[in-house]
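Subject: Structure handover, with notes

Hi there,

Here is the structure I said I would pass on to you.

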Amino acid sequence: MKRITILLLTIAAIVLTGCDKTQKNFDKNLLLGKWQSGTEYWVYQTGGIGHTWDTSDDITEEEAQGFNWEVNGSQFIITHRGEMGEFIPKSYTLVLLTSDKLQYKDNYNKTYSFTKVQ
């Protein structure tokens, strides 16, 4: 009887923790295009690739840093390609994604907001 109780409690814990009712599904196609926040620009392209630059650092789009991206539900992962060929993944949570507004937050609840410009 004790084993059955432990088994049932384990199954219940797995089911309850595995079902995140706050998870939203975002249409990743809305992400495609050029986004701006101040002097910072991000371009998301099909195939999960993109590039970013910041004009305040005197960087142009031609000199932009490449990255890969993926969206799974509300999970948003950007993997930067470093200068030495290393990959640097960063995980975010999508908060808002419409045809002209993008907002996501990092694990420290810092929010990033962008407006689509193309």
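Let me start with Glu 62, which is exposed, with a relative accessible area of 73%. In these notes, buried means under 20% relative accessible area, exposed means over 50%, and partly exposed is in between (1.4 Å probe, protein chains only). Glu 62 sits in the loop between strand 3 (49-54) and strand 4 (65-72). Together with Asp 57, Asp 58 and Glu 63, Glu 62 forms a negative surface patch.

A word on how that patch is defined. Patches are made of residues with over 30% relative accessible area and no salt bridge, with like charges joined within 9 Å and nonpolar side chains (Val, Leu, Ile, Met, Phe, Trp, Tyr) joined within 5 Å. Asp and Glu count as negative and Lys and Arg as positive, while His and the chain ends are not counted. Each charge is placed at NZ of Lys, CZ of Arg, CG of Asp or CD of Glu.

Before going further, some ground rules. This is a predicted model, so local features need pLDDT of at least 70 and side-chain atom pairs count only at pLDDT 80 or more, while totals for chains, interfaces and linings use all residues. Residues are numbered from 1 along each chain as its sequence is written, and side-chain values use heavy atoms, with hydrogens and water left out.

The overall picture

The protein has one helix and eight strands, and from the N terminus the order is α-β-β-β-β-β-β-β-β. Helices (H or I, at least four residues) and strands (E, at least two) are DSSP runs, numbered from the N terminus. The protein has 118 residues, and 29% of them count as buried. Its accessible surface comes to about 8,200 Å², with 54% belonging to carbon and sulfur atoms; the areas come from the Shrake-Rupley method with a 1.4 Å probe, and for residues only the protein chains shown count as cover. Among contacts (heavy atoms within 4.5 Å) with a separation of 6 or more, 34% are between residues 24 or more positions apart.

Which residues meet in the salt bridge? The structure holds one salt bridge, and the side chains that meet in it are those of Glu 61 and Lys 34, at 3.5 Å from N to O. This pair links distant parts of the chain, 27 residues apart: Glu 61 is in the loop between strand 3 and strand 4, and Lys 34 is in strand 1 (residues 33-37). The term requires a side-chain nitrogen of Lys or Arg within 4 Å of a carboxyl oxygen of Asp or Glu. Side chains of opposite charge can pair when their charged atoms come close. Lys 34 is buried at 16% relative accessible area, whereas Glu 61 is partly exposed at 31%.

Asp 58, a member of the negative patch, is in this loop too. Asp 58 is exposed, with a relative accessible area of 66%, and its phi is near 60°, a positive value in a residue other than glycine. Most residues other than glycine have a negative phi. Asn 109 also has a positive phi, near 65°. Asn 109 lies in the loop between strand 7 (101-105) and strand 8 (111-116) and is exposed at 54%.

Ser 56 is also found between strand 3 and strand 4, and counts as exposed at 51% relative accessibility. Its C-alpha is 9.2 Å from that of Gly 38, 18 residues apart in sequence.

Leaving aside neighbours within four places in sequence, Thr 52 is in contact with Tyr 41, Trp 42, Ala 64, Gln 65 and Phe 67. Thr 52 and Gly 66 are 6.6 Å apart, C-alpha to C-alpha, and 14 residues apart in sequence.

Ile 88 belongs to strand 6 (residues 87-97) and counts as partly exposed at 36%. With neighbours within four places left aside, Ile 88 is in contact with Ile 78, Thr 79 and His 80. The C-alpha atoms of Ile 88 and Phe 67 are separated by 9.1 Å. Gly 82 and Phe 67 are 8.9 Å apart, C-alpha to C-alpha; Gly 82 is in the loop between strand 5 (75-81) and strand 6 and counts as buried at 16%.
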